[in-house]
Amino acid sequence: MLGYKEDELKTITLRDFTHPDYVAGDDVSLLRLVAEEIPVYHTENRYTRKDGSVIWGSATISIIRNNNDEIQYFLAMIEDITLRKIAESELIAAKEKAEESDRLKTAFLHNVSHEIRTPMNAIIGFSALLNEPDTPESDRHQFIDIIFQSGSQLLSIINDIVDVANIESGQVKLNIKEMNLNSSLRILDEQFSYKEKPDIISINLDTGLPDEQAVIMTDSTKLIQILSNLINNASKFTRKGRIDFGYALKDGNLEFFVKDTGIGIPPEHHEKIFERFFQVDNLVSRKFGGTGLGLSICKAYVELLGGKIWLTSNPGKGTDFRFTIPYVLPGKV
Ligand code: ADP
């Protein structure tokens, strides 16, 4: 079990192959054995094998005394329980994951109810006000604007939920067609430049290929959805500064980026934010809401398109989301 030959074992003691983290605990119990406070003791320790690998052992240790009650030996029996320990820790990890996902789902339901109720209330409230005969014309325009925006917000929440449901049931199909990348990105740039507060956040596009090389085969709707999601997030989490987005050709792939000068994301959340429903708990998330679905949709779509997505971030300074998709020219599919 420990990898020693019988002769070698005779020259060492239990202490020599007990993992250093467990030696002190053993010492205390051995003293209690010697003092006859306890007749025998059981423990689960880690032990170092001769080759340096570490196993888990269930140990039962007692004392052999002679007729005069003098201590002769410690008798240690150790059973290898490494497999059981591995199974146990897998179970614990699975349980923690299940609890986490349960917690996230509950948080999601709270969020979604809030996210749906807010625009719904606006729609109901302002349509009632529209009905008031003495509402001035200028107010009516403002109310109609609010109703329109709230309706769009509701639609995007519902779209996200439908997307996630489709991703989960494996029903998302790719629709690969020719796409004029640069002109689609320019349209996106215009849409967002119009939406953002131009004096505070500037949006800048960097197309990495000349137009004639930027006609590619991909699912343009999904690609634009990924970029819109990332730019939306960037503008949500950036109070001032700039958002840069674009792409470059790298190792036969197109590497896209959406970079902001916003609040950033602490390193411990870099993987989690791609999980469904996950949101970093901060003032901005609480103020602007959201469902925690956007990035999980982005990740699923990027992977469907054959790429990967990651980020680097400097908390307080900004975030740089990147993803790749294959660079496939028409006629090469
Ligand atoms: P939502 O934006 O609806 O909450 P997402 O899945 O799009 O859901 O994002 C998950 C979380 O990741 C956000 O709640 C936010 O905490 C964090 N996040 C995403 N993008 C950024 C960004 N550009 N800067 C800072 N935090 C971000």
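Helices (H or I, at least four residues) and strands (E, at least two) are taken as DSSP runs and numbered from the N terminus. Axes are lines fitted to C-alpha atoms, for helices over the stretch in contact, and the angles between N-to-C directions run from 0 to 180 degrees. The structure is a predicted model, in which local features need pLDDT of at least 70 and side-chain atom pairs count only at pLDDT 80 or more, while totals for chains, interfaces and linings use all residues. Residues are numbered from 1 along each chain as its sequence is written, and side-chain values use heavy atoms, with hydrogens and water left out.

The axes of helix H5 and helix H9 (residues 294-304) come within 10 Å and cross at roughly 40°. That angle makes H5 oblique to H9, given that angles under 35 degrees count as roughly parallel, over 145 as roughly antiparallel, 65 to 115 as roughly perpendicular and the rest as oblique. The crossing of the two helices is left-handed; this term applies if the near helix is turned anticlockwise from the far one by less than a right angle, and right-handed applies if clockwise. In the contact (heavy atoms within 4.5 Å), Asp160, Asp163, Val164 and Ile167 of H5 meet Gly294, Ser296, Ile297, Ala300 and Tyr301 of H9. These residues divide into five nonpolar, two polar and two charged. In this scheme Ala, Val, Leu, Ile, Met, Phe, Trp, Tyr, Cys and Pro count as nonpolar, Asp, Glu, Lys and Arg as charged, and the others, Gly among them, as polar.

H5 (residues 137-168) also packs with helix H4 (residues 82-131), at an angle of about 155° and with the axes 9 Å apart. H4 is therefore roughly antiparallel to H5. The crossing of H4 and H5 is left-handed. Residues making the contact include Phe108, Val112 and Glu115 of H4, and Arg140, Phe143 and Ile144 of H5. By class, the contact of H4 with H5 has 17 nonpolar, four polar and two charged residues.

H9 packs with helix H7 (residues 220-236) as well, at about 150° and with the axes 9 Å apart. H7 passes H9 in a left-handed crossing. On the H7 side the contact involves Lys222, Gln225, Ile226, Asn229, Leu230 and Asn233, which meet Gly294, Leu295, Ile297, Cys298, Tyr301 and Val302 of H9. The contact of H7 with H9 has seven nonpolar, four polar and one charged residues.

An N or O atom in the side chain of Asn233 is 2.8 Å from an oxygen atom of the ligand. A backbone N or O atom of Leu295 likewise lies 2.8 Å from a ligand oxygen atom, and a polar backbone atom of Gly294 is 3.3 Å from an oxygen atom of the ligand.

Two residues other than glycine have positive phi values. Phi of Glu36 is near 60°, and Glu36 is placed in the loop between helix H3 (20-34) and strand E1 (40-48). Phi of Asp251 is near 50°, and Asp251 is placed in the loop between strand E7 (241-250) and strand E8 (253-260).

How values were computed. A polar contact is a pair of N or O atoms within 3.5 Å; within protein, one must be able to donate a hydrogen and the other to accept it, and residues adjacent in sequence count only if both atoms are side-chain atoms.
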